[in-house]
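Welcome, and please have your viewer ready. We will go from one selection to the next, and at each stop I will tell you what is there.

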Amino acid sequence: MAKSVKVTRILHSWGLNRSKYDRLSEIAVLCGRVRSDAWRRCSGVSAVLQSPYDVRDAWMADGYDWHGLPARLGKAMLSDALGDIAAAREATKVKVKRAIRHRTRNDDAERERLYSLLKQNRWTEDPFLHRQMRNRWKGGRSHVTNQIVADSGSYTTKVWNNRAWVYLQGMERGQRIAIPLKGTHLPSGTLRILLRDNGQVEVHHAVDEEQVCSTRPCGDAAVGVDKGYTEAYTDSDGDRHGEGLGDLLSAESDHRKVKGTRRNHLRDTEQKHRAKGNHRKADTIRKNNLGNQKWNRRRTRHHKQVRDHLCQAAHTVVDKAGTIACEDLSAHMKSAPYRHRDTNRRLSGWVKGVMADTFTSISRRRGSAPALVNPAYTSQIDSRTGLLQGRRRWDRFHCIDGVVLDADTNAACNILARLYDEEITLYTPFREVKALLVERTRTAVGTAPPGLELRGRATEPPSTESELPASVPKCAD
């Protein structure tokens with residue numbers, strides 16, 4: 001039986017008075033101190049093999065007082081902080097695994113041994129793993145003071161007067177803090193209560209994905225998908241999904257640039273007044289012109305708009321496809337020096353991470369099978385022949401025989417073909433991909449493609465940004 005997937009549901013407060021907010025703020029500050037202690041004491045090597053229960057028992061044996069918090073809230077916050085530390089450490093292991101693959105290219109037994117030690121958190125037993133983890137895992141610290149984690153025994157819920165209420169354990173024995181929520185949905189399980197600067201409270205809790213998300217069936221076709229900037233996806237059939245994404249991202253990037261320039265000018269003015277001793281004027285500028293509330297609200301609203309746009313695009317892809325080949329764009333992509341700085345700025349806002357997350361979650365939920373493929377040189381191959389023949393120029397691919405193809409559709413067809421290419425796997429280095437493609441082209445036409453002869457080793461990976469949309473300014477040749 002497949003394991004159910006959890007998603008986070010957010011409930012917002014409604015009519016919370018200032019007195020309750022202040023009491024919640026006091027608890028959140030104390031929870032922040034417990035979280036800070038956890039990161040300071042448990043993010044090093046000494047706590048790698050300790051379970052959360054071992055850490056908790058050790059703290060209580062030392063007489064830890066939870067900074068005055070009720071013990072139940074303190075233990076819940078400690079468990080949450082230890083979970084964050086473990087997640088951060090697991091994320092570090094991804095880079096270490098790449099180093100292992102690089103070190104053990106021709107030794108499968110050694111690779112399996114290192115993988116096993118890393119998975120079991122016994123990497124301190126091997127000098128190579130210990131060095132790699134020490135270089136990449138630096139521990140950390142926490143400054144979070146606006147969160148409360150409450151387990152199911154520290155609160156109660158009920159619906160009263162057509163409104164859901166959460167009664168949270170307070171600092172005084174027997175005195176609970178009643179939090180009114182919008183709607184009548186009652187949260188359950190472990191809650192994460194976030195305090196916002198505007199006096200509102202958010203209650204986060206986990207629910208089964210099937211209860212709140214779309215589960216309609218997927219299509220039955222097999223397509224390749226090219227992720228782009230102007231539109232979210234272009235499939236191998238030539239259909240475009242999520243058009244207008246580039247306009248949405250570019251407009252926000254341009255607005256942030258103009259707004260940031262003006263804020264920098266006001267910040268310089270404020271510093272000049274303060275240097276002259278005119279502190280009243282400087283404080284007025286800082287209070288009324290250099291705050292972050294409107295800036296953060298606009299950023300949050302933009303992120304929601306982009307995510308909604310990408311979710312709709314992903315649904316249209318899954319409506320037609322059951323097997324989807326897509327690019328693995330998890331690697332960092334450098335800005336190209338030949339592009340204008342405004343172009344690089346706009347492309348830096350490309351939300352490829354959100355795009356991958358939404359696509360993966362929607363595909364899994366609706367039963368389709370997304371398959372990541374190696375994206376190296378998929379934009380430079382003629383999809384009709386599978387050879388390095390032709391040249392991509394903006395949104396057109398010019399073939400060697402004079403035929404002009406749509407560049408995104410051509411790349412999507414190459415991605416679909418890469419799914420069935422047994423010689424190029426997901427983790428094949430781009431240098432080896434280049435050598436293989438050049439050899440295939442030389443075998444087919446008798447000569448290597450112009451400009452791609454193997455002179456030594458390539459020093460830069462191919463660009464996988466699809467690459468420049470028409471809506472982004474292009475620098476002159």
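Start with the second largest pocket, which has a volume of about 810 Å³. To find its centre, select Arg196, Asn198, Glu202, Arg297 and Thr300, the closest to that point of the 23 residues in the lining. Keep in mind as you look around that this is a predicted model.

Now colour the elements around the pocket. Strand 1 (6-12), helix 1 (18-42), strand 6 (191-195), strand 7 (201-208) and helix 9 (293-320) each contribute at least two lining residues. Which element supplies the largest share of the lining? Select helix 9: seven residues of the lining come from there. If you then colour the lining by residue class, you will see 10 polar, eight charged and five nonpolar residues.

**Stop two: Glu231**

Next, select Glu231, in strand 9 (residues 231-235). Is Glu231 buried or exposed? Its relative accessibility is 7%, and because buried means under 20%, Glu231 counts as buried. Show the side chains here: that of Glu231 makes a polar contact with that of Arg240, at 3.3 Å. Leaving aside residues up to four places away in sequence, Glu231 touches Arg240, His241, Gly242, Glu243, Leu245 and Asp408.

**Stop three: confidence**

Finally, colour by pLDDT. The mean for the protein is 88, with 92% of residues at 70 or more. Select residues 455-460, where pLDDT stays under 50 and the model has seven contacts beyond four places in sequence. Then move to residues 463-477: pLDDT is below 50 here too, and this stretch has 37 contacts in the model beyond near neighbours in sequence.

Definitions and conventions. Residues numbered from 1 in each chain as written. Predicted model: local features only at pLDDT ≥ 70, side-chain atom pairs only at ≥ 80, totals over all residues. Heavy atoms only, no water. Helix = DSSP H or I, 4+ residues; strand = E, 2+ residues; numbered from the N terminus. Buried < 20%, exposed > 50% of the residue type's maximum accessible area, 1.4 Å probe, protein only. Polar contact = N/O pair within 3.5 Å; in protein donor to acceptor, adjacent residues only side chain to side chain. Contact = heavy atoms within 4.5 Å. 1 Å grid on protein atoms, 1.4 Å probe; cavity = no way out; pocket = protein on both sides within 12 Å on 5 of 7 lines; lining within 4 Å. Points joined across faces, edges and corners; volume = space filled by probe spheres on them. Nonpolar A, V, L, I, M, F, W, Y, C, P; charged D, E, K, R; others polar. pLDDT = per-residue confidence, 0-100.
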